[in-house]
Amino acid sequence: MSKSVTNVVVLGSTGSVGRSTLEVIAASEGRLKVVGLSAHARLDLLVEQARQCGARWITATDPAAAAARDWSDLPPGCSLSIGAEGTAALVEQKEVDAVVAAIVGSAGLSSTWAALSAGKRVALANKETLVMAGPLVMELARTTGATILPVDSEHSAVFQAMQAGRRDQVRRVVLTASGGPLRHRALEDLADVTVEEALAHPTWDMGPKITVDSATMMNKALEIIEARWLFDLEPDQISVTIHPQSIVHSLVEFVDGSVIAQLSPPDMRLPIQLALEWPERRPGIAERMAWDQALELTFEPPDLVRFDALQLGMDAARHGGTTGAVLNAANEAAVGGFLAGRMGFDEIVPACRAVLEHHNFDPRPTLDQLLTLDRWAREEVLRWVCA
Ligand code: MG
């Protein structure tokens, strides 16, 4: 991007990553400019954000919520569109240079797909897009010339560390995981974990779905699959280490044995800024390391009995095809069931495994097939909840 101002659309602007993105853009001294925003449920906040950053277009992705609202407070010069078609039209606008894909879950796939189809730079916070349809998504980006830059902190770290060598010199990547809030909880007590306990993340302040995923370690399972497709790695080139301080965001080991890591305090504003400004590095508002204080960084291998979700992630990365989409959808439904009080914390991963084992595997699915399986897997989990 050679021109001086980058026009940005933020999809999912009222969520955790969306709000951090608006802070990064506001602090960019005019280099980054919001032109469009989208949100699902928090529509009052969406309008307020549009007013503050002067957005020209906003999309309310939930038609029912949009219809229930009086839009007379829309700022002048700002136009509204509704539903998935609205989001697609928003990201395709000629003036749009970059799209921050921060919609949580599989709902983010269609808008990310539209942005990639239009050849935009996509700052990808929605890992589900790659988990569900990695090979198709990467192929689409290659075809249209779109760029995908990871916002997920681990993948941003891998992307940065990979700059230290050639791609064919990478031996493996090591994704770090905090271990979440339940790392020390006795295995037999996991059935009693409350929503409140699962949402009390020790190092990262994130949305509810990803925080529960962090507690089950499903987040890391999904990130293994994400890394597989994003960096074109073989599954056995990806490993995981537990790093409770969340300072080292991931590591890349090169063939000569040298390991390059990326360090920074846990603050999403850094990977967001990098994804929007790369290849530039600019002074930013993300927290900085305090090197005048003692710092202890620890690493330990994950306990695969406690964190059996990791094995599901490894298996899905190995098998590819339909497994990522099924695992992701089953997990979204199960986490929804847990957050709604209809499912035990210790049932989330077994439900995912059961649905995976019962699905009709296809090694080379189409996008339509994946979307159909996404719906099927959710229904299967609902049957589990009701059983
Ligand atoms: Mg992450």
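Colleague: How do you know that Arg51 and Glu48 are separated by about one helical turn?

Modeller: The two residues are three apart in helix 2 (residues 43-53), which puts about one helical turn between them. Helices are DSSP runs of H or I of at least four residues, strands are runs of E of at least two, and both are numbered from the N terminus. In general, an α-helix has 3.6 residues a turn, so residues three or four places apart point the same way. This is a predicted model in which local features need pLDDT of at least 70 and side-chain atom pairs count only at pLDDT 80 or more, while totals for chains, interfaces and linings use all residues. Residues are numbered from 1 along each chain as its sequence is written, and side-chain values use heavy atoms, with hydrogens and water left out.

Colleague: Why is the meeting of the Arg51 and Glu48 side chains called a salt bridge?

Modeller: The term requires a side-chain nitrogen of Lys or Arg within 4 Å of a carboxyl oxygen of Asp or Glu. For Arg51 and Glu48 the N to O value is 3.6 Å, so the pair qualifies. The structure holds 26 salt bridges.

Colleague: What makes Arg51 count as buried, partly exposed or exposed?

Modeller: Buried means under 20% relative accessible area, exposed means over 50%, and partly exposed lies in between (1.4 Å probe, protein chains only). Arg51 has 42% and is therefore partly exposed. Glu48, with 33%, is also partly exposed.

Colleague: What does the salt bridge of Arg378 and Glu332 tie together?

Modeller: The N to O value of this bridge is 3.2 Å. Arg378 lies in helix 15 (residues 367-386) and Glu332 in helix 13, so the pair ties together parts that are 46 residues apart in sequence. Arg378 is partly exposed at 22%, while Glu332 is buried at 15%. Elsewhere, salt bridges that share partners join Lys127, Asp152, Glu154, Lys220 and Glu223 into one network.

Colleague: Which residues are in contact with Glu332, apart from its neighbours within four places in sequence?

Modeller: They are Gly105, Ser106, Glu128, Lys209 and Arg378, where contact means heavy atoms within 4.5 Å. Two of these residues, Glu128 and Lys209, form a salt bridge with closest N and O atoms 3.6 Å apart.

Colleague: What makes Asp152, Glu154 and Glu223 donors of the magnesium ion?

Modeller: Donors are N, O and S atoms within 2.8 Å of the metal, or 3.2 Å for Na, K and Ca. Asp152 (OD), Glu154 (OE) and Glu223 (OE) coordinate the magnesium ion at 2.0 to 2.1 Å, so they meet the 2.8 Å limit. Water is not among the atoms, so the site may look incomplete. Along the chain the donors follow the spacing D-x1-E-x68-E. Asp152 and Glu154 are buried.

Colleague: How do you know where domain 1 and domain 2 lie?

Modeller: The domain assignment gives domain 1 (6-150) and domain 2 (157-263 + 293-320); such bounds come from an automatic or database assignment. Their C-alpha centres lie 27 Å apart, and twelve residues of domain 1 are in contact with 13 residues of domain 2. Between the two domains there are two salt bridges. Buried area is the accessible area (1.4 Å probe) that two parts lose on being put together, summed over both. Here the value is about 1,100 Å², with 75% given by carbon and sulfur atoms. Lys127, Leu130 and Val131 supply 45% of the area that domain 1 buries against domain 2, more than any other three residues.

Colleague: Why is a set of residues called a nonpolar core?

Modeller: The set must consist of buried Ala, Val, Leu, Ile, Met, Phe, Trp, Tyr and Cys residues joined through side-chain atoms within 4.5 Å. The largest such core here has 119 residues, and those with the most contacts inside it include Leu37, Met218 and Phe345. Helix 13 (residues 323-339) gives the largest share, nine residues. Leaving out residues up to four places away in sequence, Met218 touches several residues, among them Ala309, Leu327 and Cys352.
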